[in-house]
Amino acid sequence: MDIFITFACTILTEFVETFYRTHNYLLEHTESPVRRLLMDEINWNDRLIGIKGSRGVGKTTFLLEYAKEFFGKDNRECLYINLNHFYFTERTIIDFVAEFRAKGGKVLLIDQVFKYPDWSRELRYCYDHFPDVRIVFSGSSVMRLKEENPDLSGKVVSYNLRGFSFREFLNLMAGTAFPVYSFEEIIQDHRIIAESICSQVKPMAYFQDYLHHGYYPFFLEKRNFSENLLKTMNMMLEVDVLYIKQIEQSYLPKMRKLLYLLAISAPCAPNVSQLSKDIETSRATVMNYIKYLTDARLTNMLYTEGETFPKKPAKVYMHNTNLMYPIRPEAVNVQSVRETFFYNMLHKDHKLNLGTRNAHFMVDKEYNFKIEESLRVRNHPGIYYAVDKAETGEGNLIPLWLFGFLY
């Protein structure tokens, strides 16, 4: 028995060293083109941190950039591991953390946490028994860390990593370093801010590219972006929705068809009865599927103030503008793109509802916004206008692109 235990410990030690070698290799070959704002928003002293985000927004790169910036290569206090590794089909997270701690490890970065069947219970065990080890893990946006994992309630602090904002895209492509502006700053000082930015670069020269392919960092890869995004969208359905929500694979065609029907008509007030006939399922299931698509960051639901799921949303939008082009590029509606951009940029830190008085959106229960093509609008008091074809604005007419500087 003692020989077996010694052998098992030796194998575990060898695997830990293998992970260290992989960690160093990845740090050498990872270069984030943009330093993400979330890096400074996270309290890295928390002992259990969950970073959620949709597939393709750069969660793995974010973890590796944290290791590089705060620890550097060859620092054995920090280690990145991927639970997709076959090693974890036989060994537990608990065993690994114990060995990592014994070797002086202090910060463990865990990727693809949902690939491990009992991950939440074991992370809770590590939290309770290894107080000197901090764990940062990544997960799908579909995961409900606290609601669906009571083991982590009150222990995990969760954050969301989003795709590139227009500000991040512009800084990358134009070599600029523009800061973030708050919603209040944009409302009050948009003309001064826009003139300052436009004195250094022409943001409108980059705006259409961002709307088409700037949200997901993998646009920098030397592959066909649309094909890559379609593949990513299918993976969101197959893994982030079906696998994590434990839905039978046989329902995938229904969900794919629902996404297609919503995409070609978004933004739309969903006709749930018709959709239930089109995909041959119940109205309740249609609503659940739309919620899953929203959790996966494929769609967004816009409600009238005071209403929320499971009620039918007033409108369904695609989550971001990039998702609108691969499905049916020849039929993308420009006004729909404008509204989707506005919703996506504000959705991070602000509450959006269906607008009143003919406005498209109500922001934070206070600001009515109408999304317009140009400055030639019938200006109504009490309504703000986010205007597409405008570098600068005046009064309540604000350039649409400037809302891409909120994060």
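Helix packing and the sheet

Modeller: Helix 10 and helix 12 are roughly perpendicular to each other (65 to 115 degrees). This is a predicted model, where local features need pLDDT of at least 70, side-chain atom pairs count only at pLDDT 80 or more, and totals for chains, interfaces and linings use all residues. Residues are numbered from 1 along each chain as its sequence is written, and side-chain values use heavy atoms, with hydrogens and water left out.

Biologist: At what angle do the axes of helix 10 and helix 12 cross?

Modeller: Roughly 75 degrees, and the axes come within 11 Å. Axes are lines fitted to C-alpha atoms, for helices over the stretch in contact, and angles run from 0 to 180 degrees between N-to-C directions. Helices (H or I, at least four residues) and strands (E, at least two) are DSSP runs, numbered from the N terminus.

Biologist: Which residues make the contact?

Modeller: Contact means heavy atoms within 4.5 Å. Helix 10 gives Lys-254, Met-255, Leu-258, Leu-259 and Leu-262, and helix 12 gives Val-286, Tyr-289, Ile-290, Tyr-292 and Leu-293.

Biologist: Now the sheet. What is the strand order?

Modeller: The order is 8-9-10-11-12, in an open sheet with mixed pairing. Strands pair if DSSP finds at least two bridges between them. Strand 8 and strand 12 stand at the edges, each with a single partner strand, so one side of each has no neighbour in the sheet.

Biologist: How many bridges join strand 10 and strand 11?

Modeller: Five, in the parallel sense. Ile-371 has Ala-386 in strand 11 as its bridge partner.

How values were computed: Parallel < 35°, antiparallel > 145°, perpendicular 65-115°, else oblique.
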